[in-house]
Every structure is written in structure tokens, then in C-alpha cells.
Amino acid sequence: MAKRKKKFSKGLTVFLAILCFIVGTAGGFFGYFKLTMPTDTDTYVSGDLVINFLELGNKYTGDCTYIKAGDNDILIDAGSRTSSVTSISAFLDENVTDGTLEYVIVTHAHEDHYAGFATSEDAKSIFDLYECEIIIDFSQITEDKADQKSYKNYIRERDAEIAAGAEHYTAKECRESGKSKFDLGSGIELEILDSYYYYNVAESENDHSVCTMINQGDRHFLFTGDLEKKGEEKLCEMNDLPKVDLYKAGHHGSGTSSHNVLLEKIQPEIVCVCCCAGSSEYTKNNANQFPTQEFVDRIAPYTDRVYVTTLCVDYENDEFTSMNGNIKVTSGKGEIAVDCSNNNTLLKDTAWFKKARECPDAWK
């Protein structure tokens, strides 16, 4: 006898169809969030972030960092001499498509950090060449600074930009007004960290440095200007610092900065040094020329991914060349990539390092 086919009611059929739809939809949402939300091995990053450490077209050490975050153009410092405006503007003109810098941060009142903003009245400064929407600068200066020509030039040029429509805050005003975090869109944030020396005059101009963190999901990028040991200690006390993916070496890789109190907190994976390696600009003592042996020894336990912009060939004869050149760090979905204009050689593998520095055990 042939088996009789089982009959299903219409109600049961509809119920099963609805159940299948719910299970399928839930599975789809679970799969989507599984692929896009952060895990231990994959950081979810919604927007591209590109950080450029620029060479400055001369033998002098100085800082200039250009950051592209979504549609935002950010410039931190513009050293090292007023002549560097040519090199800086040439780079910016290739990247700032609308002629506007949404954020300008001037860390402290030293020529090698703000010379490009502090030109004479008959020369074009960065403020003259680009529209600046928000300017954030140092809150304090040492007593002898106010009468210096470069400082007066900076104030004149900055105030002219403010008169033209730029918003201006000191780092102290950012913190006290609650405007210390700026949404750059696409999951990226610019944060002005807190510092004791926004409110108090330091012995060293360097400790007045504006300290900035770029946060991109659970990736973090730290810029401390020329902050020295006392400033680093206060920075650690006043902020809950995370581990960072990138650290712009404080004070050009000087022995006065990048102390263990800070490094133990941030444990950097990539370190970029803005300097003219081996230059006798500040000292003829080889060990104290940037990047110093002290800096190398302290940074080595954390990472060997150290990059340097420029190399001094002969300071007295005004000879210099690229070490890594312009250092470009790109953070998008996936790995953080470093791509330099000259080469991607790690500091420890350069001919200069092998001749001028002792290699720490961690790098052997």
C-alpha cells in the first residue's frame, strides 16, 4: 500500500515561514556585526586617517605635521625657519584641495615649531596662504619671550587670521570651556589633552607644549610637541593615557623627553622623529645630537619601528639629505601602514645609526 502523504495546515506553514524569516534575519545581523565590530585582532575603523611628518627644506631641526582626517585638514606646527614656508606650502598645495586648514595647532613658542606662522610683514606666512578655521595654541610663555621678534611676528600674524574669521582658543581655554574634543567625522576625534603647564609657567618653554591625541576607534596617535620630563609626568597624572599606535617623539628624540613615566603608559608601536639626525645645531656632543642615545635606549624595549625625517651630512657646509624623508602613516581599515618619500628603512638599520649609536639589546 502506498504511504499516504502527510497534510500540513496553512497555519503551520505560515508559522514555519515566519520562523525561518526571523532566524535568517537574526543570522544576517549577527554576521554583519561580527564582521564590523572590534575584536581582539581586528580594529573597526570607519574613516581613513593620514598623518604626514614633513621635511622642512633645510639643515635645521623642526616640527611640522600635516594630518588628513576625512574632509578635515589639520596642521600641527610649522618649523623650522621662515624659509620652510616654501617646503610646507608645496606639500600642502598637493593635499589641501580647498585652501582651508580646518585646524591649526601651534604647540609652543619656539622658532623651530612656529617659524612658518611668524614671518615678517613683507613675507607670506602659513596664515596668509591658507584660510584657517580653528587655531589652538599655547597658553603660557616664559617671561623673556614677549619681547622677542619672532614671538611678536607670530602674534601679529595669528591675530590677523582671527580678525579674518578664525576661531581661536588656547589649550587652557579648550580644557576649561569643555571644547577639548573635536569630532572630525567618520569615527575620528581630535582631543586636546590636559596639562599642568597650561595653567602654570614652566622653567622650560618646551613644557608649555599643547598635547594632542587623535582617536580613531581604539587606535590612538599622540603628539606632545617638545614636552620634557616634568611635563610628561604631569601629562600622565592628569590624563588616562592609552597605549598608542603612533607617538611623535617628544623634542625631536632628545634625552629631555620620552621618559619611562610616559613610555610605560603609552607603549608605542610606531615612533616618528622630526629632526636632522646627527646635526651639531645644538651640540657637538655626538651622543646628545638628535635622536639621542638616551632616547634610543628608552624607546627600544617598546618598538623598533622608529623613523626619522632628515639626515645631516655636513652642518658647517649646509649639507643635508633625506633619511626616511616625509613620513606618511596611513590608518584605514586593516593594518596601519608607513610609507616614506625616500625609503622605509628603520632607524636601527640605517648607516648613520650603525656608525653613530650603540645598538640596544632589544634591537639586536
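"Buried" here means under 20% relative accessible area. Keep that cut-off in mind for the close-ups below, which come from a predicted model.

**View 1. Strand β9 is covered on both faces.** Five of the five residues of β9 are buried. On one side sit Thr 212, Ile 214 and Gln 216, and on the other Met 213 and Asn 215. Glu 189 has Asn 215 of β9 as its bridge partner.

**View 2. A hairpin links β9 and β10.** Five bridges hold β9 (residues 212-216) and β10 together, and the two run antiparallel.

**View 3. Strand β10 is wrapped up by the rest of the structure.** How many of the residues of strand β10 (residues 219-223) are buried? Five of the five are, so β10 is largely enclosed. Arg 219, Phe 221 and Phe 223 are on one side, with His 220 and Leu 222 on the other, and every one of these is buried. Next comes β11, which pairs with β10 in the parallel sense over three bridges. Phe 221 has Leu 246 of β11 as its bridge partner.

**View 4. Helix α7 belongs to a β-α-β unit.** β10, α7 and β11 together make this unit, and it is right-handed. Within α7 (residues 229-238), the buried residues are Gly 231, Glu 232, Leu 235 and Cys 236. Why do they end up on the same side of α7? Because they cover an arc of only 135° around the axis. Among the elements covering these buried residues are β11 and α8.

**View 5. Step back and see the open sheet of eight strands.** Strands in a sheet pair through backbone hydrogen bonds, either parallel or antiparallel. Here the pairing is mixed, and the order reads β7-β8-β9-β10-β11-β12-β13-β14. At the edges are β7 (181-185) and β14 (319-322), each pairing on one side only. From one strand to the next, the twist averages 15°. For a parallel pair, look at β12 (residues 270-277) and β13 (residues 306-314), joined by five bridges. Val 273 stands opposite Val 308 in β13.

**View 6. The largest nonpolar core has 67 residues.** In soluble globular proteins, nonpolar side chains tend to be buried together. Which members of this core touch the most other members? They are Phe 53, Leu 190, Ile 192, Phe 223, Tyr 247 and Val 329. β12 gives the most to this core, with seven residues. Zoom in on Leu 190: leaving aside residues up to four places away in sequence, its contacts include Ile 74, Tyr 103, Ile 105, Phe 182, Leu 184, Met 213 and Ile 214. There is also a second, separate core of 29 residues, which includes Tyr 66, Val 85, Val 96 and Cys 132.

View 7. Most peptide bonds are trans, and most residues other than glycine have a negative phi. One exception to look for is the cis bond joining Gly 79 and Ser 80, where omega is about 0°. Another cis bond runs from Phe 290 to Pro 291, with omega near -15°.

View 8. Neither is a glycine, yet phi is about 50° for His 251 and about 55° for Ser 258. Are they buried or exposed? His 251 is buried, with a relative accessible area of 14%. Ser 258 is buried too, and its relative accessible area is 0%.

Key:
Residues numbered from 1 in each chain as written. Predicted model: local features only at pLDDT ≥ 70, side-chain atom pairs only at ≥ 80, totals over all residues. Heavy atoms only, no water. Pairing = 2+ DSSP bridges. Helix = DSSP H or I, 4+ residues; strand = E, 2+ residues; numbered from the N terminus. Axes fitted to C-alpha atoms, helices over the stretch in contact; angles between N-to-C directions. Core = buried A, V, L, I, M, F, W, Y, C linked by side-chain atoms within 4.5 Å. Buried < 20%, exposed > 50% of the residue type's maximum accessible area, 1.4 Å probe, protein only. Contact = heavy atoms within 4.5 Å. Arc of directions from axis to C-beta. Right-handed = clockwise from strand over helix to strand, strands pointing away.
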